[in-house]
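Student: Can we go through this model together? I'd like to learn how to read it piece by piece.

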Amino acid sequence: QVYIAAAVIVSVTLLMKSALPGVGAGIVWSLLDSLLLVISILKGFNRMSEKELKFRVFMNFVKRLALALVMLYLVHRYNAGIVWMLVVFTLMHLALVVNLLIFTGRKEQKKVS
């Protein structure tokens, strides 16, 4: 994700400097959201009871929703370009999902071989 963020920043800087604040906000939002996701995974959901697991998943959802609302408010407040922020956030998360699919696909192939 960091490499994609760098590529997006360079591209936008060269093409449309006015979109840079929105792009930056999208990158920050995406990286913070991914960090929240990774932290929740590292807490070890598999060692929890079902009730505690449901509570942790709900709290993770609340944290990510709060982060989204804060980012949307800040971008709207400073007229930074909400559309660019949402586009960059979506693209970076798609890249994360593709990387995860490739990574887990490699693991499954190694198990079969």
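Student: Let me start with Leu 14: is this residue buried or exposed?
Tutor: First, some ground rules: this is a predicted model, where local features need pLDDT of at least 70 and side-chain atom pairs count only at pLDDT 80 or more, while totals for chains, interfaces and linings use all residues. Residues are numbered from 1 along each chain as its sequence is written, and side-chain values use heavy atoms, with hydrogens and water left out. Buried means under 20% relative accessible area, exposed over 50%, and partly exposed in between (1.4 Å probe, protein chains only). Leu 14 has a relative accessible area of 70%, so this residue is exposed.

Student: Which helix holds Leu 14, and how far apart are its end C-alpha atoms?
Tutor: Helices here are DSSP runs (H or I, at least four residues), numbered from the N terminus, and Leu 14 is found in α1. The expected span of a helix is 1.5 Å times one less than its number of residues. For α1, residues 2–15, that rule gives 20 Å for 14 residues, and the distance between the end C-alpha atoms agrees: 20 Å.

Student: Which residues of α1 are buried, and within what arc do they fall?
Tutor: The buried ones are Ala 5, Val 8 and Val 12, whereas Tyr 3 and Leu 14 are exposed on the other side of α1. The arc is that of the directions from the helix axis to the C-beta atoms. The buried residues of α1 line one face of the helix, because seen down its axis they fall within an arc of 65°.

Student: What is Met 85 in contact with, leaving aside its neighbours within four places in sequence?
Tutor: Met 85 belongs to the largest nonpolar core. Contact means heavy atoms within 4.5 Å. By that rule, and leaving aside neighbours within four places in sequence, the partners of Met 85 are Gly 22, Ala 25, Gly 26, Trp 29, Met 71, Leu 72 and Val 75.

Student: Which residue forms a salt bridge with Arg 64?
Tutor: A salt bridge is a side-chain nitrogen of Lys or Arg within 4 Å of a carboxyl oxygen of Asp or Glu, and the whole structure has 3 of them. Arg 64 in α3 pairs with a residue in α2, 31 residues apart, which links distant parts of the chain. The closest N and O atoms are 2.7 Å apart, and the partner is Asp 33.

Technical notes
A nonpolar core is a set of buried Ala, Val, Leu, Ile, Met, Phe, Trp, Tyr and Cys residues joined through side-chain atoms within 4.5 Å. Helices (H or I, at least four residues) and strands (E, at least two) are DSSP runs, numbered from the N terminus.
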